[in-house]
Number of protein chains: 2
Amino acid sequence: LKDTIRLDPWGASDIRDYSKLFDLFGIEPLDKSRFKVFASNRYIRRNIDFGHRDLDKILRAVENNKPYAVMSGIKPTGPFHLGSKMTADEIVYFQRLSPKARAFYAIADVEAYCDNGLSFTESSKIAVNNLADILALGLDPDRAYVYKQSEAIQVMNMSFIFSKDVTYNMMKAIYGTKPFGLYISALIQAGDILLPQRKEFGGPKPVLVPVGADQDPHIRLARDLAKKHQSDFKFVMPSAIYHKLTRSLSGEYKMSKRDPMSLITLDDDLFVAKKKVMNCLTGGRESTELQRKLGGEPEKCVNYELCVIHFAEDDDFVKRVYRECMSGERICGNCKKEASELVVNFLKEHQKRKGQLIEKAKELLKKSKEELISSLK
Amino acid sequence: LKDTIRLDPWGASDIRDYSKLFDLFGIEPLDKSRFKVFASNRYIRRNIDFGHRDLDKILRAVENNKPYAVMSGIKPTGPFHLGSKMTADEIVYFQRLSPKARAFYAIADVEAYCDNGLSFTESSKIAVNNLADILALGLDPDRAYVYKQSEAIQVMNMSFIFSKDVTYNMMKAIYGTKPFGLYISALIQAGDILLPQRKEFGGPKPVLVPVGADQDPHIRLARDLAKKHQSDFKFVMPSAIYHKLTRSLSGEYKMSKRDPMSLITLDDDLFVAKKKVMNCLTGGRESTELQRKLGGEPEKCVNYELCVIHFAEDDDFVKRVYRECMSGERICGNCKKEASELVVNFLKEHQKRKGQLIEKAKELLKKSKEELISSLK
């Protein structure tokens, strides 16, 4: 009876109609009039964030100046791509929104091993690079706890505790049939999501997890486990905010780290990045003539997506691009050139900032290791 | 086609014919003529150790004065019973056999949680008590690494690494259908068994795991995983030595911590212990008259088992008991009295030694935590 949409955190999810997720999985539509406080968030303002669970808890914490956390993580298998950037932007946004917010960022090196076979030594180097990215995107290191899963004793212990609460059938219902190792990664992720509520971090509190729609299975599992442990850990059920999945430059779902020309990374050489944008799929017609007559199709256009989702801060500019494309005024060649300039300018600034933050990134990892060590004593 | 014997590390295993395990699971019979070096081991000498895997590796290490490890663990859910004592005796024996041997002893607090729901705080107290027991049984603390699973980052990491190597069907084939949490405990145990071979502990080496026959599934899994990781970790496949399972005082398989009157613990009050022995199942006949005529049945007698396996050091005494029982000279009442004296004397001495070792036990746990912390730095 269920529809055919499968949300697979480890595979490709092709979601054309996000509203289906409301009925299928109980994600709530993001009613912007209720969350006006968050209107400064570009993803929310532009309907890229389409749904949530319990976002009200975060709203109340912000309004009442109460502590809350925003948490997510990265699998350190390669440079930051635009998907990682979206999550990072959300973390930075919700961390900076209130002085009472703390950010948690998990380096999912255990998952990088279980899913991609990357050794901890390899992923450790990548992690420093990834961390410099989120710092360059604006993360306040003083209110951030950044840690590697492979060193986080509490997370591992929680995953073992949670293993007692799940059955194979329950995991299959949530994730589909997956290798044993991925089910275990999933339990670790539940540990990550619930970590900010442990007493070492100030105890139970609202926690917002910004994720792509395909990660919802992790949210559901963590919420189930939080509910099961309300008597011992007193967990508050975690909140989530969901963004739409972005496509590869050739128009496919979802971004894959495997084909480097299909996606932009924050480490890209500026010349290469420009080339990638110039080659991307657009919503253009067969001929300039036809396009002048019919207008373009911005909904199909990856170039437009790059502007709306990732690189154009100015709402008026985005509206103008849309209007001009629809009316046939705007032709793809010029449009891509304009977009590639936005991308290149962003990358140039970002890479400059990032270069100065590598040491800070190492420091952050060291700090969390020290916290871990002192928690052991 | 397989026979009906099921080896279940978490349930009850009723093994009447140990020789079946040779064909069914590939355990090798323990040929005493090949292992004369170990004749000073009471369990080997008296055929209580009935089988092994790769014991030759340990023999060669002893003969050539090469490093090896002996490892096992305890689930800290209650006082030491006679099953825990057997494993502990074996660890002490193989540790003391060579100056190149190191003992590893895992406090299975994660398993105590997953299998018995015991919190880490509760099991932590029990662990100190259990450790004082193995110290009183002769463990040399200077060549022992004692650690809690919940604190052993390397063990947890290995269990995650191993989770990538197993399938649900493989676990089912080894362990039968078990809750998800127990499969995960099993992966942790594999991590425990392979820990002594990590480079922090001097790298690959023979490791002997002395266990009850019902624990063989853990040995098979650890050996499979060692084989799979010969290219990265360079693991030597671990060795095992198997002892027969002992019965409860009422004659049932296997010792259960759940019914306190059915088993003797090393913490027992001397008066209570005596009472337990006096109430145990014997191999006596219906009447004294019949017994004088037919002789007793020592094979059925738990009292005899207490002597042979656990408390009588003197081989001549054991032989005499057997002979006298078979001939009808020996009557159960007197025999139990004699056995209960052996038990009480042992417990008295043991409890005296143990009382002085509680601080040493705490120290040992502290030392391993310090090693862990310095390995993190």
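User: How many salt bridges does the structure hold over all chains?
Analyst: This is a predicted model, in which local features need pLDDT of at least 70, side-chain atom pairs count only at pLDDT 80 or more, and totals for chains, interfaces and linings use all residues. Residues are numbered from 1 along each chain as its sequence is written, and side-chain values use heavy atoms, with hydrogens and water left out. A salt bridge is a side-chain nitrogen of Lys or Arg within 4 Å of a carboxyl oxygen of Asp or Glu. Over all chains, the total is 52.

User: Are A:Asp268 and A:Lys276 buried or exposed?
Analyst: Their side chains meet in a salt bridge, N to O, at 2.7 Å. Buried means under 20% relative accessible area, exposed over 50%, and partly exposed in between (1.4 Å probe, protein chains only). A:Asp268 and A:Lys276 are each buried.

User: What separates A:Glu349 and A:Lys352 in helix α15?
Analyst: The two form a salt bridge, with the closest N and O atoms 4.0 Å apart. A:Glu349 is partly exposed at 40%, and A:Lys352 is exposed at 54%. Helices (H or I, at least four residues) and strands (E, at least two) are DSSP runs, numbered from the N terminus. Because they lie three residues apart in helix α15 (residues 332-355) of chain A, the separation is about one helical turn.

User: Which residue forms a salt bridge with B:Arg46?
Analyst: B:Arg46 is buried, at 14% relative accessibility. The closest N and O atoms are 2.7 Å apart, and the partner is B:Asp315.

Notes
Chains are lettered from A and ligands numbered from 1 in the order in which they are written.
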